Amino acid sequence: MERSNIAKWLFLGLAIILFIQFGKPLLFGESAEQLQPLDVNDSTAPAERAPAEACVIDGDRFKAELSTRGGSVRHLWMTDPKYTTGNGERRPMDLVTTSLESRMPLRTDLRLPGGNAQQVPFDDLDWKLAAQDGKSCTFTYSDDATRLTKVVAATGRPYELSLQVTVENLAQEPRKHRFAVEQTAWRTQKETEGHLGLISEWITETVAATDQTTERQLPDAFEPGDFKDKEFTAERWRRTPGNARFVAVSSSYFSKITIPLEGPGKPVAETQIEEIWDTSKFQQKAKDPSHGHVYRARLAFPEHELAPGGAVTYKALSFTGPKERDLLGAVGHGTSEVINLGWFSPIAKLLVSYLYVLYRAVGSWGWAIVLLTITVRLLLFPLSIQQIKSAAAMRKLKPEMDEINAKYKDDATQRGLAMQELWRKNKVANPVIGCFPMLLQMPVWFALYTALQTAVELYHTPFGPVIPDLSAPGKYFIIPIVLGASSFIQQKLMPPQGDPAQQKMMLYLMPGIFTAMMLFLPAGLGVYMLTNTWLGIGQQVLVERYLKARDERAGGIEVREIANAEPQSAMKKTQGDDKSAPALGKGKARVRG
């Protein structure tokens, strides 16, 4: 396609995009967006409430604060120095981001969706703090029909809390309840948006794992029309098929997980993501700077009826902390699945496991990434060498290719045919075929990219004097600049393809793209890309030198003079012994290539 046509189509496409974004609203006006069929203010609480009391638990690598309002977690600070926040004075990071009482982590519900003979009058109960010892909190609630005991305690393992709720029926008639416990998080839309390849560390999803499947949901699965789908219950929760193994609300580096341990019947795993914005001020949610989502994931046990004087106990385990592989492995129950490694997760898991081995050997995550990159490059070398050979052959044909480009500069079809014939005569693979080995390597590259960008082990981890944080973009832009220069050198070594304008574009465009990308990508990925680029340059130079030396040896001629004094009979005997050898006369030389 001629450049004028390309420019015409690009201009047309840009005009359509601009019309959709700006022209359509001007012509037709802005219509109010459809709302989810959810009631965010669905709290059921007594009209008169007792003052809230706080209970603090000091656990391994965390500190939690719970409230008598609902008996749920109000704050959970990670006390590990690595997990801090703030631009100036660093302070422990609080993983509790919701503020509405009915949307707090480890909130427990007992009311049924509807019906009579309910065990409790409200879900947002005012509990009494019956006991606390710094490691556990015991809450109680009682009325004429019910006595409840809720115990939240540190397990002694990092970031873990155990939950135990006992329900007793004091009424003279049977009463019903449905026990549910949930994890929650709140994030604004701006917090979860990535840019230029960088995944936001606060991009959040719900995870529902059952004995049948594991489902991950983002806000786009909870559009207003989606609530009519068969996966949604009458309460408008999205239910995952099977019996629940765990539920979680998970960001790139951190996760809140709840695991069922004990209770009558098998719980189900349900998720819901509520979209919040100020509809009284903004018709379009994108215009509200506070527009965001409440992410909810809960375990819901089957409805249970207690006879008069009957009692039942529910137990669950909570993990709220960083998604470190060792920690999640200790929690068990398959909770390592909260680490989302994308389409190539089997390859990514293998790479991360090997990264751990390297870290234990060298004691540095930065050097572990370098060694991992070297290993991957060596393993993929058999695929790369064919591409390098093709590049070397193309370089030798540069004069002929330049001649063809000049001769058929106005005839793309004839130019392509001439190039094909040139490659065929010189037994050079088509560049498209030469790219095939690179395509085979793509799954490994994508898996490594995802693994490094979701590795909390790199979070706030320095590497050398110029990289203060492997999980964040470089502060001084040293890696982007060096990577751009290295990419420029690599492009110079590549064989020329296309016309001179295309060659010039590739020479400067690719380094520019790499430099721009690394301005925003985590430095850990920059270490990988820089190491990989240098290894690629080294491989290409060494292989091309080897091929050049081999061609020079193959093109040499060895001449050996046969002695004149050798008897004629001996020559005839030699020729008789070798029937396939051509006869040589006196003074002839045998030439060997």
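In this predicted model, Arg377 makes contacts beyond its sequence neighbours within four places: its partners are Asn532, Leu535, Gly536 and Gln539. Arg377 itself belongs to helix H5, which covers residues 365–379. With a relative accessibility of 14%, Arg377 counts as buried, because the cut-off for that class is under 20%.

The buried residues of H4 include Ala348, Leu351, Val352, Leu355, Tyr356 and Leu358. An α-helix has 3.6 residues a turn, so residues three or four places apart point the same way. Just after H4, Gly363 adopts a positive phi of about 75 degrees.

Five of them form an open sheet in the order E1-E2-E3-E5-E4, with antiparallel pairing. Strand E1 (54–59) and strand E4 (84–85) are the edge strands, since each pairs on one side only. Within the sheet, strand E3 (residues 73–78) and strand E5 (residues 91–94) are joined in the antiparallel sense over two bridges. Met78 stands opposite Met93 in E5.

Ile199 is located in the loop between helix H2 (189–192) and strand E13 (205–210). Its relative accessible area is 40%, so Ile199 is classed as partly exposed.

How values were computed. Residues numbered from 1 in each chain as written. Predicted model: local features only at pLDDT ≥ 70, side-chain atom pairs only at ≥ 80, totals over all residues. Heavy atoms only, no water. Helix = DSSP H or I, 4+ residues; strand = E, 2+ residues; numbered from the N terminus. Buried < 20%, exposed > 50% of the residue type's maximum accessible area, 1.4 Å probe, protein only. Contact = heavy atoms within 4.5 Å. Pairing = 2+ DSSP bridges.
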